[in-house]
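Dear colleague,

Please find below the structure that I am handing over to you. My notes on it follow directly after.

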Amino acid sequence: MSLKMLARWRSLVCRLSRKLQPDRDSAEYQTWRQQFLLDRLKIALWIAFPMTIALHASQLFVFFLDSQRFEQDILRFYGDTSL
């Protein structure tokens, strides 16, 4: 390829990339988008936090109060209780 063809190709790529890039978003849209993402994050945390607490409470119950079940699970998974 000659240098002239490379320059033309580079020019074409630059023009296409400028056309494909979205215009700058307005400040109002940026504010709405940020608030939208924060609202969704809050909802996700309200769902994830209680589920995490419930899961950990269940595991602690099995570990401390239902030790026979815990030993059975260890035997089933690892084949030896002397971890």
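A residue is called buried under 20% relative accessible area, exposed over 50%, and partly exposed in between, with a 1.4 Å probe and protein chains only. This is a predicted model, in which local features need pLDDT of at least 70 and side-chain atom pairs count only at pLDDT 80 or more, whereas totals for chains, interfaces and linings use all residues. Residues are numbered from 1 along each chain as its sequence is written, and side-chain values use heavy atoms, with hydrogens and water left out.

Overall architecture

The protein chain has three helices and zero strands; helices (H or I, at least four residues) and strands (E, at least two) are DSSP runs, numbered from the N terminus. With a radius of gyration of 29 Å, well over the 12 Å that the globule rule gives for 83 residues, the protein chain is more spread out than a compact globule. That radius is taken over C-alpha atoms, and the globule rule is 2.2 Å times the number of residues to the power 0.38. Along the principal axes, the C-alpha atoms fill a box of roughly 80 × 45 × 15 Å.

Surface and charge

Of the 83 residues in the protein chain, 4% are buried. The chain exposes about 8,400 Å², and carbon and sulfur atoms supply 63% of that area; accessible areas come from the Shrake-Rupley method with a 1.4 Å probe, and for residues only the protein chains shown count as cover. The mean positions of the 12 positive and 8 negative charges lie 26 Å apart. Here Lys and Arg count as positive and Asp and Glu as negative, while His and the chain ends are not counted; each charge is placed at NZ of Lys, CZ of Arg, CG of Asp or CD of Glu.

Individual residues

Helix 1 spans residues 3–20 and holds Leu12, which is partly exposed at a relative accessible area of 34%.

Helix 2 covers residues 27–64 and includes Arg33, which counts as partly exposed at 38% relative accessibility. Between the C-alpha atoms of Arg33 and Met5, 28 residues apart along the chain, the separation is 43 Å.

With kind regards
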